[in-house]
Amino acid sequence: MIICTNKMEYPLRAQCHRGQNPCQKQVVANGERERVSLLFMKALVSRSSVDAVSQQMATHPQYLESFLRTQHYILHMDGPLPLPHRHYIAIMAAARHHCNYLVHLHSAQFLRVGGDPHWLQDLQAAPARLRLLDQINKVLAHQPWLTSCAHIQALLKSREQCWSLAELVQAVVILAHCHSLCSFVFGSDPESNSASLTKSPNGTPPNYCPFDAANGNTNVPLSLTPPRELVTQRRSLDPSNDMTCLKERIQRSQEEFEKRDERLLQTQTLQQTDLEEEEEVLCFTDSSCFITDPDFCYQEFARRDEDHFEVFRVQDYSWEDHGFSLINRLYSDIGHLLDDRFRSVVTLPSLHSPDLRRAIWNYTHCVLGIRYDDYDYGEVNHLLERNYKLYIKAVACIPDVTKASVCPLSWTSIKASERIHVNLLIMEARLQAELLYSLRAITQYMIL
């Protein structure tokens, strides 16, 4: 598989083979449920909640483990950037795609780690150093092939506001991670969002879902129209009920997961889990206030009448031979974590054939300007119907409009887990594409 690397060895992942007897299948199923339960336990302990994205990814526990490990590392573990800066960068990235779900999520996290609430008024309220990321943020989000050595130089040589190379690499990883996560968020949002929540997450009315608001599919109550100023609401923690509530929440989450059938998965609206025993911060901010140059958006990489940009050829700069070693050198261990994500998503047990998975991956790269000389792109047309290609392109390049007619793909004949797998492939391919463009620009800067 072209996206695998030989930089490190990984243990073989358990898969359910056709030859397994019912007892073996039951053992595997029980093991998968225990794995999901453990992952949710870790999420509850570290973040006080199991976010909606993790709940969706839980249909693929092998991948979820890799994803959560990487996300926790870049947002919470040792690194050159302060924790509030990391979440603010995530807010900037999510805002480029008007993903209010992630903007709200990271706004709350930003405040929990000691961020200044004043910064959440708008981008101009943030330090000048963070505002310098705006240019590379919008380029990576919408037209990553424009990323150049000049963008890197502007950040590393901006006098008193200059970034270190290590800081810049961590910032780029966060930007790429959140841009691609926006693709998953919008791609995983089901076609019907009419179901109302039985319980109000974070104190919001039952018919409000940040995901719906982000997609423009729900009439947001007037009282919830995001104001320019930050609105916070805090709930106190009851220490005496910590472990009891935690166990009850985990048990209920696991029971809900086990009872979730395919139809429910297809109509499930992403929502953030609410834990009453943890202090919560509710913040409503307009994602557009973190954006400059709103007219800058995705453009076709190569048009028939104008082909101004050189194709990025993997044979000249690849993740395996170039990106992996550079990013691991500048940001310790992140290369291994990212590489495990890329490996995991293409080796998941799936009804999709290896050829189809490779077609999805390569076509995602193709619409972002990346080509493989050793791949026959006739396979894409053979394996992917037109609507399928439109869907991939929309989710990878313009995820915030995936609900429009430009994306007519119907999931009625596809299992929920397979749909999620497709979205994971698109997300990871986009993540790797943005990293390749960024790391190539950094490499060009370093050899000047």
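Reader: What relative accessible area does Tyr 375 have, and is the residue buried or exposed?
Author: This is a predicted model, in which local features need pLDDT of at least 70 and side-chain atom pairs count only at pLDDT 80 or more, while totals for chains, interfaces and linings use all residues. Residues are numbered from 1 along each chain as its sequence is written, and side-chain values use heavy atoms, with hydrogens and water left out. Buried means under 20% relative accessible area, exposed over 50% and partly exposed in between, with a 1.4 Å probe and protein chains only. Tyr 375 therefore counts as buried, its relative accessible area being 11%.

Reader: Which residue has its charged end over the ring of Tyr 377?
Author: Tyr 377 has a relative accessibility of 18% and so counts as buried. A charge sits over a ring if NZ of Lys or CZ of Arg is within 6 Å of the ring centre and within 35 degrees of the ring normal. At 4.8 Å from the centre of the Tyr 377 ring, the charged end in question is that of Arg 371.

Reader: How many aromatic pairs does the count come to?
Author: Rings of Phe, Tyr and Trp (for Trp, the six-membered ring) pair if their centres lie within 6.5 Å; planes under 30 degrees apart count as stacked, over 60 as edge-to-face and the rest as tilted. By this rule, the number of aromatic pairs is 13.

Reader: Why is the pair of Phe 312 and Tyr 437 classed as it is?
Author: The ring centres of Phe 312 and Tyr 437 are 5.1 Å apart and the planes stand at 75 degrees, so the pair is edge-to-face. The pair links distant parts of the chain, 125 residues apart, with Phe 312 in strand β1 (residues 312–313) and Tyr 437 in helix α18; helices (H or I, at least four residues) and strands (E, at least two) are DSSP runs numbered from the N terminus. Tyr 437 is buried at 1% relative accessibility, and Phe 312 is likewise buried, with a relative accessible area of 1%. With its planes at 75 degrees, the pair is thus edge-to-face.

Reader: At what angle do the planes of the Tyr 375 and Tyr 377 rings stand?
Author: The centres of these two rings, Tyr 375 and Tyr 377, lie 5.0 Å apart. The pair counts as edge-to-face because the angle between the planes is 90 degrees.

Reader: What is the nearest side chain of opposite charge to Glu 418?
Author: Glu 418 lies in helix α18 (residues 416–446) and, leaving aside its neighbours within four places in sequence, is in contact, meaning heavy atoms within 4.5 Å, with Ser 350, Leu 351 and His 352. Lys and Arg count as positive and Asp and Glu as negative, whereas His and the chain ends are not counted. A salt bridge needs a side-chain nitrogen of Lys or Arg within 4 Å of a carboxyl oxygen of Asp or Glu. Glu 418 is buried yet has no salt bridge, and the nearest side chain of opposite charge, at 5.3 Å, is that of Lys 415.

Reader: How far apart in sequence are the parts that Lys 138 and Asp 293 tie together?
Author: Lys 138 is buried at 8% relative accessibility, whereas Asp 293, at 34%, is partly exposed. The two form a salt bridge whose closest N and O atoms are 2.7 Å apart. Lys 138 lies in helix α7 (residues 134–142) and Asp 293 in the loop between α12 (262–267) and β1, so the distance in sequence between the parts they tie together is 155 residues.

Reader: What is the distance between the end C-alpha atoms of helix α15?
Author: The expected span of a helix is 1.5 Å times one less than its number of residues. For the 14 residues of α15 (residues 354–367) this should give 20 Å, and the end C-alpha atoms agree with it, being apart by 20 Å.

Reader: How many residues of α15 are buried, and which elements do they pack against?
Author: Helix α15 is mostly covered, since eleven of its 14 residues are buried, among them Trp 361, Tyr 363 and Cys 366. The elements that these buried residues pack against are α14 (334–346), β2 (370–371), α16 (378–383), α17 (386–397) and α18.
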